[in-house]
Amino acid sequence: MASRMECEFFLVRYVPDTVKNEFVNIGVLLREAGRAESTRVRFTRDWSRVRCLDPDADTAMLEAMETEIAERLKLGEHDFKPVLQVMEDTLSNSLQLTEPRGCLAENLSAEMEQLMRMYVETVRERVIRPRTGRAAIAATMREEFERANVWDLMRKRISASQYTRVGDPLKIDCGYRPNGIIRMFQAISLEGDLEAAKVLAFSSSGLREGVQRLEGASLELTAIVEPLREMEDETAAVERYRFGVETMERESIRVLTVSDLERVAQTARRELNL
């Protein structure tokens, strides 16, 4: 049998009420024993257990924390104390790390999958509710970029306020800069929240001006939407969908559907020289 490496792992827990001390495991930090630079982080993709414990949980912020931790580890911050401090400062002690536990692994990737199944992901049988609306589009977008190995190289939850004005609440899902252009992508559900399409259209001009002023680059803004489904006797729904597309395209926003994401991700892979 192939020799196994000694590893240690930490569970990341979401604790919305520190007095009650009720928690949900949401992620894993894993590293080879004695090799802090090998540390990897993974958070869950299914936030249903978190929402059961805390219906008001900011899952977008939790996802952003995974990216923040991964970037800090990539920059060489392998001491978990500053990483833990980031979590505490951002989420007021709602994220906690367990004490390290030992394990033996053939490789870190396989062990991470095993630990996620054992400690984080739901194992009981349950009714699988398909993701819908913006959440489904955003999840598919992330999956395609991850499949192309570019997700970790992209900026996430980009604050529009840095380009427009203080107080602007809009956050763009992700983006990257391949040269003299910045590409940004936003998940928009035209079957769900048509107001989001109008907000993005309204903000696009200010975003472009701010990107040019601050970064000396042009902005290509892309909205990722669901495909227009066959809708018998749903003329109003079709008209709303087309209104959303036309509203964004009128402001020079490129509108693509989730079926285009594989091509978009492969373009990102080429432009990022992977």
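Mentor: A polar contact is a pair of N or O atoms within 3.5 Å; within protein, one must be able to donate a hydrogen and the other to accept it, and residues adjacent in sequence count only if both atoms are side-chain atoms. The model above is predicted, so that local features need pLDDT of at least 70 and side-chain atom pairs count only at pLDDT 80 or more, while totals for chains, interfaces and linings use all residues. Residues are numbered from 1 along each chain as its sequence is written, and side-chain values use heavy atoms, with hydrogens and water left out.

Trainee: Which strand holds K156?

Mentor: Strands (E, at least two residues) and helices (H or I, at least four) are DSSP runs, numbered from the N terminus. K156 is found within residues 155-159, and this run is strand β6.

Trainee: Is K156 buried or exposed?

Mentor: Buried means under 20% relative accessible area, exposed over 50%, and partly exposed in between (1.4 Å probe, protein chains only). Because the relative accessible area of K156 is 16%, K156 counts as buried.

Trainee: Which backbone oxygen lies 2.4 Å from a polar atom of the side chain of K156?

Mentor: The side chain of K156 has a polar atom at 2.9 Å from the backbone oxygen of M154. At 2.4 Å from a polar atom of this side chain, there is the backbone oxygen of W151.

Trainee: Leaving aside neighbours within four places in sequence, which residues are in contact with K156?

Mentor: Contact means heavy atoms within 4.5 Å. With the neighbours within four places set aside, K156 is in contact with T67, W151, I172, D173 and C174.

Trainee: With which residue does the side chain of R31 make a polar contact of 2.7 Å?

Mentor: R31 belongs to strand β2, which covers residues 22-32. R31 is buried, because its relative accessibility is 15%. A polar contact of 2.7 Å joins its side chain to that of E8.

Trainee: How many Å does helix α7 reach from its first C-alpha to its last?

Mentor: The expected span of a helix is 1.5 Å times one less than its number of residues. Helix α7, residues 235-250, has 16 residues, and the 22 Å expected at 1.5 Å a residue is close to its reach of 22 Å.

Trainee: Which elements are included in what covers the buried residues of α7?

Mentor: The buried residues of α7 are A237, V238, Y241, G244, V245, T247 and M248. Their cover includes α6 (194-215), β9 (218-225) and β10 (254-257).

Trainee: Which residue with a positive phi follows α7?

Mentor: The phi in question is near 60°. The residue that follows α7 with this positive phi is S252.
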